[in-house]
Amino acid sequence: MVVLSSATSMRTKKTKAVGIPVVDLSLDRSTVSELIVKACEDYGFFKVINHGVPSGTISRLEDAGVRFFDKEAGDKQRAGPATPFGYGLKNIGLNGDKGELEYLLFHTNPFSIAERSKSISNNPQNFSCAANDYVESVRELASEILELMAEGLWFPDKYVFSRLITDTQSDSVLRFNHYPTVKNREPCSYKDDDHRIGFGEHSDPQILTILRSNDVAGLEICLHDGFWVPVPPDPTQFYVIIGDALQVLTNGRFTSVRHRALANSSSRNSRMSIMYFAAPPVNATIGPLHELVSPENPSLYKPFTWGDYKKAAYSLRLGDCRLDLFKLHPTNDQKFPLFS
Ligand SMILES: C=C1C[C@]23C[C@@]1(O)CC[C@H]2[C@@]12CC[C@H](O)[C@@](C)(C(=O)O1)[C@H]2[C@@H]3C(=O)O
Ligand SMILES: O=C(O)CCC(=O)C(=O)O
Ligand SMILES: [Fe+2]
């Protein structure tokens, strides 16, 4: 099954119809694992339905997010500035990236969530309960998807990816993005020719991202041929985004999809998205798995720890191609020198 959408080329501004893959997790296991592998190879992105995350778990966290962003500016600032965790307004990361949004970023460790909740909610226990329940459910969903991927790739160890994110030391993070509504003639400095940039073009550094939004559009993914495809919002389902670390683990067989969020919305409502970024522990080694390396497919990346990768990511701008730093066979058009 696919969701039909119309893609636009950045260069020629031409459009074409594209089907974003939809994976029904209630189908038989071997069909699901095949569909997932195909979607990861073709798009690095897909939608999952029949995902098993209880609707109450989703709505409790959604309501908590709405209550926070509805607060007065001064109250929200008490949870900021984001360094990188906390409340951020218009600044993304620490290197000058800007966007038409406000956000909350958390480490998913329950102690960090409990601590942050104090400056976020008048009822911190309620907030941390909602966040912990959500994290637990989407972590389960993410591990199930990673196990299906390993099965689809015929790996003897189906936990080879999932154990990285279920480890108690996992460095996974949770993010809420809120893109305010835009009145037509309102000036905006974060703009290219056609778009107000909510969250600029980038790939996610982690293993994979589980994204959910309310019913306001904005997310777009970039296809291998450079066409941008709008992703129809669906509050009851999740989108899965392949991250850089999974691109390396699969030796480039899966690619981390570049994506962005536009704040052009003509909708009367503002977009709110919630992302779970599934990451390994800081000291875990990330490198191409030997099953995917052969004389015909030599290793494309040198191994690194997740800590090294995060350090590189945080020293660069949002849109930079961080993986180039770890390539074993750099091409001439490469933007950065190799780390020594
Ligand atoms: C500009 C930046 C923000 C970011 C860290 C970085 O230096 C480059 C990667 C960015 C990103 C994108 C995906 C996630 O939203 C995020 C939390 C992540 O892990 O990498 C953000 C970082 C951030 O906002 O701190
Ligand atoms: O808000 C969205 O829809 C996407 C945001 C995103 O890509 C991110 O936070 O990494
Ligand atoms: Fe992202």
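In this predicted model, the loop between helix H3 (73–77) and strand E4 (86–92) holds Pro-81, and Pro-84 sits in the loop between H3 and E4 as well. Another loop, the one between strand E3 (45–49) and helix H2 (55–69), contains Asn-50. Although Asn-50 is not a glycine, its phi is positive, at about 55°.

Turning to helix packing, two packed helices are described by the angle between their axes and the distance between the axes. For helix H1 (residues 29–42) and helix H5 (residues 124–152), the axes come within 8 Å and cross at roughly 90°. With angles of 65 to 115 degrees counted as roughly perpendicular, H1 and H5 are therefore roughly perpendicular to each other. On the H1 side, the contact is formed by Arg-29, Val-32, Ser-33, Ile-36, Val-37 and Cys-40. H5 contributes Glu-144, Ile-145, Glu-147, Leu-148, Met-149, Glu-151 and Gly-152. Sorted by class, the residues in this contact of H1 with H5 comprise seven nonpolar, two polar and four charged ones.

Ligand 1 is surrounded by 18 residues, of which Arg-175, Gln-206, Ala-313, Tyr-314 and Leu-316 are the closest. From Ala-313, by contrast, a backbone N or O atom is placed 2.9 Å from an oxygen atom of ligand 1. Ligand 1 on its own exposes 470 Å², and 98% of that is buried by the protein.

Around ligand 2 there are 14 residues, with Tyr-179, His-202, His-259, Arg-271 and Ser-273 the closest. The side chain of Tyr-179 places an N or O atom 2.5 Å from an oxygen atom of ligand 2. For Arg-271, an N or O atom of the side chain is 2.6 Å from an oxygen atom of ligand 2, while a polar side-chain atom of Asp-204 is found 3.3 Å from an oxygen atom of this ligand. Taken alone, ligand 2 exposes 290 Å², of which the protein buries 98%.

Methods:
Residues numbered from 1 in each chain as written. Chains lettered and ligands numbered in written order. Predicted model: local features only at pLDDT ≥ 70, side-chain atom pairs only at ≥ 80, totals over all residues. Heavy atoms only, no water. Axes fitted to C-alpha atoms, helices over the stretch in contact; angles between N-to-C directions. Helix = DSSP H or I, 4+ residues; strand = E, 2+ residues; numbered from the N terminus. Parallel < 35°, antiparallel > 145°, perpendicular 65-115°, else oblique. Contact = heavy atoms within 4.5 Å. Nonpolar A, V, L, I, M, F, W, Y, C, P; charged D, E, K, R; others polar. Near = heavy atom within 4 Å. Polar contact = N/O pair within 3.5 Å; in protein donor to acceptor, adjacent residues only side chain to side chain. Areas by Shrake-Rupley, 256 points an atom, 1.4 Å probe, with all protein chains shown as cover.
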